[in-house]
Amino acid sequence: MNITWYVSLGAVIFAIGAAGLVSRRSPLVMLLCLELMLNGVNLSLISFARMWGDGGGQIFALIVMVIAACEVVVGLGLIVALYRRMLPIDADKLT
């Protein structure tokens, strides 16, 4: 397959994540949309690495996935802490 298909799919996944991040106010949905954006970028990185025959893009995508996993752990911890304190689970109402 041509690299154009992979890059356009990555761009569509990134755009869906960006639209969801802007439109939703729930922190959990915002985390999921951020993960979609990171996965779209990872798909593009891996497709470019395959096109050039270099492993650098794949290693960088692996590092991005590790950082995304750490970000989700911290974000879910904050969401659980907010829920336990009976604070509003809305990004606009938090101070």
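This is a predicted model: local features need pLDDT of at least 70, side-chain atom pairs count only at pLDDT 80 or more; totals for chains, interfaces and linings use all residues.
A residue counts as buried when its relative accessible area is under 20%.

Take Ser-47 first. Its relative accessibility is 9%, so Ser-47 is buried. Ser-47 belongs to helix H2, which runs over residues 27-52. What is Ser-47 in contact with, leaving aside its neighbours within four places in sequence? The contacts are Ile-3, Tyr-6 and Val-7.

Next, helix H3, residues 56-84. H3 has 29 residues and spans 42 Å from first C-alpha to last, close to the 42 Å expected at 1.5 Å a residue. Its buried residues are Gly-57, Ala-61, Val-64, Ala-68, Gly-75, Ile-79 and Leu-82. Which helix do they pack against? The buried residues of H3 pack against H2. As background, an α-helix has 3.6 residues a turn, so residues three or four places apart point the same way. After H3 comes Met-86, and its phi is positive, near 60°.

Val-12, Ile-16 and Leu-36 make a nonpolar patch of about 250 Å². Of these, Val-12 sits in helix H1, residues 3-23. Val-12 has a relative accessible area of 45%, so Val-12 is partly exposed.

To recap: Ser-47 of H2 is buried, the buried residues of H3 pack against H2, and Val-12 takes part in a nonpolar surface patch.

Note on methods: Residues are numbered from 1 along each chain as its sequence is written. Side-chain values use heavy atoms; hydrogens and water are left out. Patches are made of residues with over 30% relative accessible area and no salt bridge: like charges are joined within 9 Å, nonpolar side chains (Val, Leu, Ile, Met, Phe, Trp, Tyr) within 5 Å. Accessible areas come from the Shrake-Rupley method with a 1.4 Å probe; for residues, only the protein chains shown count as cover. A salt bridge is a side-chain nitrogen of Lys or Arg within 4 Å of a carboxyl oxygen of Asp or Glu. Helices (H or I, at least four residues) and strands (E, at least two) are DSSP runs, numbered from the N terminus. Buried means under 20% relative accessible area, exposed over 50%, partly exposed in between (1.4 Å probe, protein chains only). Contact means heavy atoms within 4.5 Å. The expected span of a helix is 1.5 Å times one less than its number of residues.
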